[in-house]
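Please read the report below alongside the sequence and the model.

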Amino acid sequence: MNAPDRYERFVVPEGTKKVSYERDTKIINAASFIIEREEHTIGNILRMQLHLDENVLFAGYKLPHPLQYKIIVRIHTTSQSSPMQAYNVAINDLDKELDHLRTAFEDEIANHSSAREY
Amino acid sequence: MEERSYQRKPVVKIREMKDDYMKFELRNTDASVANALRRVMIAEVPTVAIDLVEIEVNSSVLNDEFIAHRLGLIPLTSERAMSMRFSRDCDACDGDGQCEYCSVEFHLRAKCVVDQTLDVTSKDLLSSDHTVVPVDFNEIAGDETSEQKGVMIVKLRRGQELRLRAIARKGIGKDHAKWSPAATVTFMYEPEININEDMMARLSLEDKQSIVESSPTKVFDIDPTTQQVVVVDAEAYTYDDEVIKKLESMGKTGLIDIKAKEDSFIFTVETTGAVKASQLVLNAIEILKQKLDAVRLSDDTVEADDQFGELGAHMRGG
């Protein structure tokens, strides 16, 4: 009766932004990013990628409630960088890593198929 | 700004590849990426499945919604799915979600006129687009196997009839499991098994046999020539610690050391036939890239103020 519709898990409603952020007023170089209609798939890879960044002091994500389909990613950085910068760098690196994975995969499929001709 | 890159360079090696099954190794990447790939393969790679059914005549023993449910679960060949639009995003159709860009029409007409039971299967489902048809399960070379008839929908007796029109649309597994192209997708950490040969040589043959037998899966065996315990199939190890516990009970801790390699994964991908196994993985990578792209910060990403009350109080020093 109170269950949300299934499409709520991935359809961002009109007027809601997919990503937004809130700076922390008390801690410098800290911000929380609210990503709508995403869950562990994106949250975990973003968080693990942020951990690799030397300028990131803290990176974590949570789902505030399993029936509210959004994640909050919290990032603290040193003064050498900013949370927004760290966030963008992490996404770009992940994008490049997936590109690399895709070409590696396509090459491997081609090799495997041609090797199997014999 | 200096160029900072914390990018990893993953490496893939395919072990086995069939149309609907694939086993491959993925190295030099994090567990989060492997898991994200798995999650996307199961829930977010789009497929085409029947979503709307208009029944004209149904005098079978199954009621209308029962048959409609079964029709939805029939896997349809979905190569077109990645280039199709979702019905909700389609502006070409007149709002009822049935146009050539976003949907495929099917119809089924069956009437039993003979005394024997008529089997209505997925082979009786006729498509308006020859690239989107029910999956043909003719993998097995046998002649009279049940797979040749397609997926069973309903059985009709003499006089019973079924006539319907169905619309298939693009969707993802997150919405309903009928749209999931994956049968099973699993990955495991590659195990690294080290046997301390000196300590092993000092054991009796019965002790060695009991060690080999303690594992529920056949990981170890006694080499016939050297009478030593050897690893016969490291990947059969399911990370139950039965061998470790057996060694501890024998007092020989440290004889066998098993570690999981943190950045080496063995994937097993099995599909329903809607998409080829290799194509499923490629689509999953593509979808994951699209999701990351949607989540990027752009110049017009605003700072939320009052929108998220739960963060508001402590963040604003309240």
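Helix α6 of chain B is largely enclosed by the rest of the structure, because 13 of its 18 residues are buried, that is, under 20% relative accessible area with a 1.4 Å probe, protein chains only. Helices here are DSSP runs of H or I with at least four residues, and strands are runs of E with at least two, numbered from the N terminus. This is a predicted model, in which local features need pLDDT of at least 70 and side-chain atom pairs count only at pLDDT 80 or more, while totals for chains, interfaces and linings use all residues. Residues are numbered from 1 along each chain as its sequence is written, chains are lettered from A and ligands numbered from 1 in the order in which they are written, and side-chain values use heavy atoms, without hydrogens and water.

An open antiparallel sheet in chain B has the strand order β1-β2-β12-β9. Because β1(B) and β9(B) are at the edges with a single partner strand each, one side of each has no neighbour in the sheet. Strands pair if DSSP finds at least two bridges between them; β1(B) and β2(B) have six.

| β1(B) | 11-17 |
| β2(B) | 21-27 |
| β9(B) | 182-195 |

F24(B) in β2(B) is the bridge partner of I14(B). F24(B) is also among the residues that touch the most other members of the largest nonpolar core, which has 54 residues. Such a core is a set of buried Ala, Val, Leu, Ile, Met, Phe, Trp, Tyr and Cys residues joined through side-chain atoms within 4.5 Å.

Methods
Buried < 20%, exposed > 50% of the residue type's maximum accessible area, 1.4 Å probe, protein only.
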